[in-house]
Amino acid sequence: EAEGEGGGIPPENMLGFLVFSRLQNEPYISDLTMKILQTMEAYPNQKRLLLYLAIFKFYGDLSISESHCKDILGPFFGGVEQNFYDNLCEQAQLFIKMTRDNSFGSHSVCEINSIPVAKFLVQQTLKLAGKSVLEAITDLVNDDKVMRHRFLKDKLASDLKTLLIRRKKE
């Protein structure tokens, strides 16, 4: 990466940097998030994935397994054997990071870069979808393909339970 581009900050951290540097200017961050989401009209399933990842991150500091993410994204991603992350659109890559989780065995998980970023993603994605958090979680729970996925089913169930308990307390 050229030194002039982003001042040496890797692109995956650029959005986090902008959020933290402008935290007092919430309207700016909110508008920026909305503009990025509006450029994703050709990627409705990736916007849906962003919503679920943002809800998991913001309300529970949780992640979603790569295999469940592929189910959320649909049939094209189910057959992707190469790097899953590289097949996401650039806008989604701004928000998502891949990590390893060892709590339920070693596996790849996806999560939103930071909790503040997740907050704005939840707000703006729900606004675009015309849904509440509860409606979005209900849609996920009612998605047979995701919920019938054998791999890491216990982790997903545990994380959903954690989300609902924490959400109810707020």
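Which residue in strand 3 is the bridge partner of Ile64? I looked this up first in the model, which is a predicted one. The partner of Ile64 in strand 3 is Cys110.

**Entry: the sheet**

Strand 1 and strand 3 run antiparallel and are joined by two bridges. On the other pairing, strand 3 (residues 107-112) meets strand 2 in the antiparallel sense, over six bridges. Taken together, three strands make an open sheet with the order 1-3-2 and antiparallel pairing. I noted strand 1 (64-65) and strand 2 (96-101) as the edge strands, each of which pairs on one side only.

**Entry: strand 3**

Is strand 3 mostly covered or mostly uncovered? I found it mostly covered, with six of its six residues buried. I also sorted the side chains by direction. His107, Val109 and Glu111 point one way, while Ser108, Cys110 and Ile112 point the other way, and all are buried. In a regular strand, side chains alternate between the two faces of the sheet.

**Entry: helix 3 over the strands**

I looked for what lies across the sheet. Helix 3 (residues 44-60) lies across strand 1, strand 2 and strand 3. The angle of helix 3 to strand 3 is about 90°.

Next I took helix 3 against helix 4 (residues 66-73). Their axes come within 8 Å and cross at roughly 135°. I therefore list helix 3 and helix 4 as oblique to each other. Their crossing is right-handed. From helix 3, the contact draws on Asn45, Gln46, Arg48, Leu49, Tyr52 and Leu53; from helix 4, it draws on Cys69, Ile72 and Leu73. I sorted the residues of this contact by class and got six nonpolar, two polar and one charged.

**Entry: Leu156**

I placed Leu156 in helix 10 (residues 153-169). Is Leu156 buried or exposed? Its relative accessibility is 7%, so Leu156 counts as buried. Leaving out residues up to four places away in sequence, I listed what Leu156 touches: Phe56, His68, Val146 and Met147. I also checked Leu156 against Ile64, the residue I began with. These two are 92 residues apart along the chain, and their C-alpha atoms are separated by 7.2 Å.

**Entry: helix 2 and helix 7**

At what angle do helix 2 and helix 7 pack? For helix 2 (residues 26-38) and helix 7 (residues 115-129) I read an angle of about 55°, with the axes 9 Å apart. Helix 2 is oblique to helix 7 because of that angle. I logged the crossing of helix 2 past helix 7 as right-handed.

Helix 2 brings Glu26, Ile29, Ser30, Asp31, Thr33, Met34, Leu37 and Gln38 to the contact. Facing them from helix 7 are Lys119, Phe120, Leu121, Gln124, Thr125, Lys127 and Leu128. By class, the residues of the contact of helix 2 with helix 7 are six nonpolar, five polar and four charged.

**Entry: Lys127**

Lys127 counts as exposed, because its relative accessibility is 60% and the cut-off for exposed is over 50%. I also looked up its spacing to Met34. The C-alpha atoms of Lys127 and Met34 are separated by 9.2 Å, and the two residues are 93 residues apart along the chain.

Methods
Residues are numbered from 1 along each chain as its sequence is written. This is a predicted model: local features need pLDDT of at least 70, side-chain atom pairs count only at pLDDT 80 or more; totals for chains, interfaces and linings use all residues. Side-chain values use heavy atoms; hydrogens and water are left out. Two strands pair if DSSP finds at least two bridges between them. Helices (H or I, at least four residues) and strands (E, at least two) are DSSP runs, numbered from the N terminus. Contact means heavy atoms within 4.5 Å. Axes are lines fitted to C-alpha atoms, for helices over the stretch in contact, and angles run from 0 to 180 degrees between N-to-C directions. Angles under 35 degrees count as roughly parallel, over 145 as roughly antiparallel, 65 to 115 as roughly perpendicular and the rest as oblique. A crossing is left-handed if the near helix is turned anticlockwise from the far one by less than a right angle, and right-handed if clockwise. Ala, Val, Leu, Ile, Met, Phe, Trp, Tyr, Cys and Pro count as nonpolar, Asp, Glu, Lys and Arg as charged, and the others, Gly among them, as polar. Buried means under 20% relative accessible area, exposed over 50%, partly exposed in between (1.4 Å probe, protein chains only).
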